[in-house]
Amino acid sequence: MIAFVQKQPSLALQELPLLRSLPIALAALMMQQVARAEVMFPSEKRELETTLAFLTPPRSAAMERAVQGFAALKVPAQIRQLNWESDAAGFVEKLTAALWSTGQIDAFREAAKLLILAQPSDKPENATKTQRVVIVVLDKRLESAGTAPVLFRRLRAHGTFFPMVHSGCGMEYLRSWVAARASADPEPYAHWEISGDAFQETTHAQVVSLSFYGLQAARRHLLTLFNTARNSAITGGPEGLRRSMLYLKPEDIGLAAQDDPVLRSFATDVLINGSGTQLYSTTFVQWTVREALRRAQPRTLLACFAPRSQFASMDARLSHPDVEPPPDNSGSLVDAEMGSYLTYINLRRISGDTDALFLVWHEGYGQALLIGRDVPVGSQDTSRKRLEDLLADVWNGSIELSCEEEALT
Amino acid sequence: MSQTTQWSRISAERSYDRREFLRGLSGAALATTVSSVMMPQKLWALNPDRRKTVVVTFGGGARDQETFALEGQENIPFMLKELLPQGAFFTQVVNRGILGHYVATASLATGVYERFNNFADVAPPNPTVFEYFRKARRRPTTDAWVIAPSNGFNRIGQSSHALYSGQGASVVLPKRLLAHADGSAAFTGLEHLLNDNYESPIQAPVALGTEIGTQQIASMLKLSMTDFAAHATTLSSPDELSLFIARRVMRQFSPSLLWVTLHDIDVAHTGAFSLYVDGIRRSDKICAELWNAIQSDPEYKDRTNLLIIPDFGRDSDTDAGGNGFQHHRTGDALSRTTWMVALGPGIRQNTVVDRPIESIDLAPSVAALLGCDAPMALGRPIRELGL
């Protein structure tokens, strides 16, 4: 992670004695997280504090095994000499390379797994009050070249497929639905909307809103930085660029105007750590959703895949960051289908969450798939449905919209 | 369960999936399982001077889901319908090394899990199969060629090992033929053929003079740069450019050892799944075209083995440390497990090989096919190749 790493927030000072007592690899990993505490979402901060509490002696036998797993790693002397307390991110970057080159990456993976397993997965105090709902929309412009495709094959086994789902207002309705949920449950960072296009209308104050074109200036700023780096003799190649990215701040890519430091840092992370998020809107949506689910654990998340640009050479994209190639609608449909599947997997990863609802819908083809606790799996409902009715069964807030019904294509 | 045991279990599961899939696809004839008691005849070993080997590696791992698993079959029609019936399919090739494309390809070539920095401009420290072959068989530099992407692969043909100095392969980086020294396109409209690096926006600095010069290559291949550029306009990807050069090398020199590294698949790092699948489909077609080129060339027909092997897999969808197909960073079992297709003399056709082999088994196997040893390689010759 990248932002504010050189600053020593109070949690870092507070936890320093504990971290110093840990094996150096684990200490650096934890410090990397602790150093970011001020820009963490509440849920990820809670998880960090839980981990630190479990690492504090006396530890459980399971946690002790995890710690010993890290202690067994042979960290090279030149890495040990680095200062993990002041530059944990830089330390971890070099440690990772060393673990691969010394053949210890698998032992590291094993230790990391033990660390996760040593903590209870169900945390009643963190249980959501409102059912978590993730809605993925595939923009109507995403279309295959031939006949109407059969969508969501990877997800069919997990829920019920609806081949005919129409909506009067589509995205407008869904955004209102998310806003209504945010009004009813106004917790910070609990409700999100993420788009591969741009949001034309104002976002509800309690809804976190990120879009590919909303971050266009930052994306272009970053591509310009890449271009400058590749033309600089002192860059140090891919690894040098990666190291320099570790220390980029939001203001370095023009994100200073974002008031909220947590969201400012999150958006910066998405663009810097997400490979391809600067170039392709489908990648941007998939990665941003993944990170939002992992870090913020929102109760409502609306994601919309829009057409990404056609493939163009890296050289062209870096040399001309302000030029967006024309859209690739059919390729975007393939991307979005995979992105929907990965989103479902990422939703399932949220610990202790067995009650979430997942809906994916193509607004042009009218095909939808619903996954949830009471939804039949591997099933199909061929009756004509309204999107609004599908969602009303989940949560029926006060939404007033008047839209004409759209015919299915 | 130890990590190694877990790997073995998951790798074996993937092997089973691939085997069952092929059984369903092609019927019982293909599903012959080779065991240690069903050795191919070793007649091929009687005439080593006439042997040739073509190796195709995918520098950009391909997963089961997008290739040999049921849902991936639509992406590899040529391998399934044309190549597999003529060859052997190895269901379980495990890579226990670093999952970076240059260092992994170097490991394939040396038979040793190399540990150098994937992004560094360095030669493999251990001798390559090209050097083993040329030195042992006293072959000229024109008898071993490498066609590779230009992202660091300029050093792949020649190790830094003192005992093998000057015994390396001729290395062609086709994109260099279309680019200026700074990497920019030398011909308008061909920028799309210069893509070769998807893991980072910038490339490692490359030392000059470590490969044969562009003009020299063009001259050796009797290639007019103008004609080359004109032909290149008909191609849609860098790997198609590599195929064009490979054919040219075959025509001009008929080398005994030709190594082609494809790289289009690695566009997966951009996160665009459709581009990744397009890369697999192109690679599939290119492999078939290469095999057809082999079969239609009297210098190669009936005396050439073709070995097709991705350098490794890609991350699984379910590993929380990764992001599915996009990268190969987790080191999980699926990112370490891939497959191999082998065709040609001495290889039993319509065969599925279940037993696990390692990616470092490739170099000693290629050496053995060409009638020499790879003494410093740590892998073992693959007996199902007729060795």
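Predicted model: local features only at pLDDT ≥ 70, side-chain atom pairs only at ≥ 80, totals over all residues.
## Nonpolar core and chain B

The largest nonpolar core comprises 215 residues, and those with the most contacts inside it are A:Ala28 and A:Met31 together with B:Tyr276, B:Leu290 and B:Ala363. Helix α8 of chain B, spanning residues 273-295, supplies the largest share of this core, 10 residues. When neighbours within four places in sequence are left aside, B:Tyr276 is in contact with B:Ile265, B:Val267, B:Ala268 and B:Phe325.

Chain B contains 10 helices and 10 strands, and of its 387 residues 58% are buried.

## The open sheet of chain A

In chain A, eight strands form an open sheet with mixed pairing, and their order is β5-β4-β6-β1-β9-β10-β2-β11. Strands β5 (208-211) and β11 (379-380) of chain A stand at the edges, and because each has a single partner strand, one side of each is left without a neighbour in the sheet.

Helix α14 of chain A, residues 329-349, lies across β1 (133-138), β6 (300-305), β9 (357-362) and β10 (368-371) of chain A, and runs at about 175° to β1(A).

Although A:Leu369 and A:Leu151 are 218 residues apart along the chain, their C-alpha atoms are separated by 9.0 Å.

If residues up to four places away in sequence are not counted, A:Leu369 touches A:Phe152, A:Leu155, A:Arg156, A:Gly159, A:Thr160, A:Phe161, A:Phe162 and A:Val360.

## Packing of helices α6 and α10

Helix α6 (residues 88-101) and helix α10 (residues 237-246), both of chain A, pack with their axes 9 Å apart and at an angle of about 155°. Since angles over 145 degrees count as roughly antiparallel, α6(A) is therefore roughly antiparallel to α10(A).

The crossing of α6(A) and α10(A) is right-handed. Where these helices meet, α6(A) contributes A:Ala89, A:Gly90 and A:Glu93, while α10(A) contributes A:Arg242, A:Arg243 and A:Leu246.

Methods
Residues numbered from 1 in each chain as written. Chains lettered and ligands numbered in written order. Core = buried A, V, L, I, M, F, W, Y, C linked by C-beta atoms within 7 Å. Buried ≥ 20, exposed ≤ 12 C-beta atoms within 10 Å, placed from the backbone. Helix = DSSP H or I, 4+ residues; strand = E, 2+ residues; numbered from the N terminus. Contact = placed C-beta atoms within 7 Å. Pairing = 2+ DSSP bridges. Axes fitted to C-alpha atoms, helices over the stretch in contact; angles between N-to-C directions. Parallel < 35°, antiparallel > 145°, perpendicular 65-115°, else oblique. Left-handed = near helix turned anticlockwise from the far one by under 90°.
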